[in-house]
Amino acid sequence: MRNLLALPLLSLLALPSFAQSVFGNLRGLVADPAGAAMTGVKVTLLDEATGATRAGLTNEAGEYVFSSVSPSTYSVIAEIPSFKRFERKGVVVATQQSVTLDVKMEVGNVTESVLVTEETPLLEVASASQGQVIDRQKLVDLPNLGRNPFMMSRLAPTVQQVGNPAYNRMQDQSGSSQISINGGPVRGNNYLLDGIPITDFSNRAVIIPSLESVEEMKVQYSTYDSEMGRTGGGMFNTLLKSGGNTYHGSLFGYMRETGWLANTFFNNRNGRAITDQPFRNYGGSFGGAVKIPKLYDGKNRTFFWLGFEGYRDTQAASREQYTPTEQERVGNFSASRNNAGGLLTIYDPLTTRADGSRDPFPGNVIPGGRIDTVGRNIAATYMAPNKSGTRFYGDLNLAGAGPLASLADQQFIKFDHQLFQWWRASLSYLKYNSDEPGENPYPTISSPDQWLLARKVDATQINNTITPSSTWVVAVRYGFNRFPNIGTQK
């Protein structure tokens, strides 16, 4: 599948615009001590992680607006002659969140400042959209079977996950999409990654990003903007992590040995030994400012975040099937019974008459000369029955156990660059591959389901935020996804 998206968005700040894809918004009213609106106040938005700034002036009503704000933690600074400099730190703008922060200036010298470090948490009152942001702390610290960020949507109201919890790994695009949001259809949701759609024609996310690559995810379940369409359910709006001026990283590994596990119910019932099923999960990430000694210092300008995650997952597969008995393989059905308990009659096709009637083989035994040599040799490769108590022809008389081994690897990288004071761009790329074989509980050449499903996915997201003036924002995005499913039969 290939998706191509080139989407320019223009927003006039004098007329507030909200919920531009993954971006958030910040607005407020600047007033003097008497509560009167103040015009012409310079308001600066400072990204505390990267040092990037945006500035504007309050309008005639004393209002300031910053739209298309990349989710991050900011400081808001307000300045005007004859008033103290106002600064509020720790203002969090989350994915598609519209934050309102009103400012009250104090009379004084502009060289003096009022620093606000703690205050009542900001409320989102500028949008009717309903959703919940799952921040990085929740993504990393809470238990998550499969390390799948989309599974954390269970923290949001109206979300029902109905898929098999054993299949929520990065290779399980189909299994992990079994989610209903706000009463919508199962697998009726849409997925965005850094503002780029990654939803295929079956309403699956073409890639499940590693937790090491995700900053936060917003689950939107009601009254979201019309630009979030193409869904009968909800939205998964995922923001990839960016680097900052300081360097951070992570490294993890997890292992599970077969000896730590109990045998499966079906193996115990059939007297089969536990299947060897080791598990390995590992990954890491690292990011910060781009620095090339003596050549380039990217502080406050160029940043990166990169990493990887992989696993080698072996599960126990058990199955019960029918296999011909030793007598039936050579054409002797004299002891074979039908479902009613009577003799299973084998008819001679060469005795077929015009009315369709036929004669049975004498004694229910097919003569050896009538059995094809190729068929006899194929039947000889079948495993013999290993379950007692078989009553009828077709009863499940063969119990098998074996490994179901899967592997997957993912690499990711994201660059953020401030080209000019008025132009900020980001490029993110994720690459993932997995191999998922069919279970093979019977170690013979005639075993069923000897297949392999291979997936090799590429996902690219490019974002540009251009502010040609304090009243205009231009957002340009481009995305490219490739999601091939390659199935082969061994």
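This is a predicted model: local features need pLDDT of at least 70, side-chain atom pairs count only at pLDDT 80 or more; totals for chains, interfaces and linings use all residues.
Residues are numbered from 1 along each chain as its sequence is written. Local features need pLDDT of at least 70, side-chain atom pairs count only at pLDDT 80 or more, totals for chains, interfaces and linings use all residues, and side-chain values use heavy atoms, without hydrogens and water.

Strands are DSSP runs (E, at least two residues), numbered from the N terminus. They pair if DSSP finds at least two bridges between them. Pick Leu 193 and find its bridge partner in strand 15, Ile 196.

**Stop two: Arg 204.** Go to the loop between strand 15 and strand 16 (214–222), where Arg 204 lies. Arg 204 is buried, at 9% relative accessible area (buried is under 20%, exposed over 50%, partly exposed in between, with a 1.4 Å probe and protein chains only). Its side chain makes a polar contact of 2.8 Å with that of Ser 174 (N or O atoms within 3.5 Å, one able to donate a hydrogen and the other to accept it; residues adjacent in sequence count only if both atoms are side-chain atoms). Beyond four places in sequence, Arg 204 also touches residues including Tyr 191, Arg 455 and Phe 483 (heavy atoms within 4.5 Å).

**Stop three: Lys 431.** Select strand 24 (residues 423–437), which holds Lys 431. Lys 431 is partly exposed, at 37%. Its C-alpha atom is 5.8 Å from that of Val 457, 26 residues apart along the chain. Contacts of Lys 431 beyond four places in sequence include Asp 409 and Asp 458.

Notes:
Helices (H or I, at least four residues) and strands (E, at least two) are DSSP runs, numbered from the N terminus.
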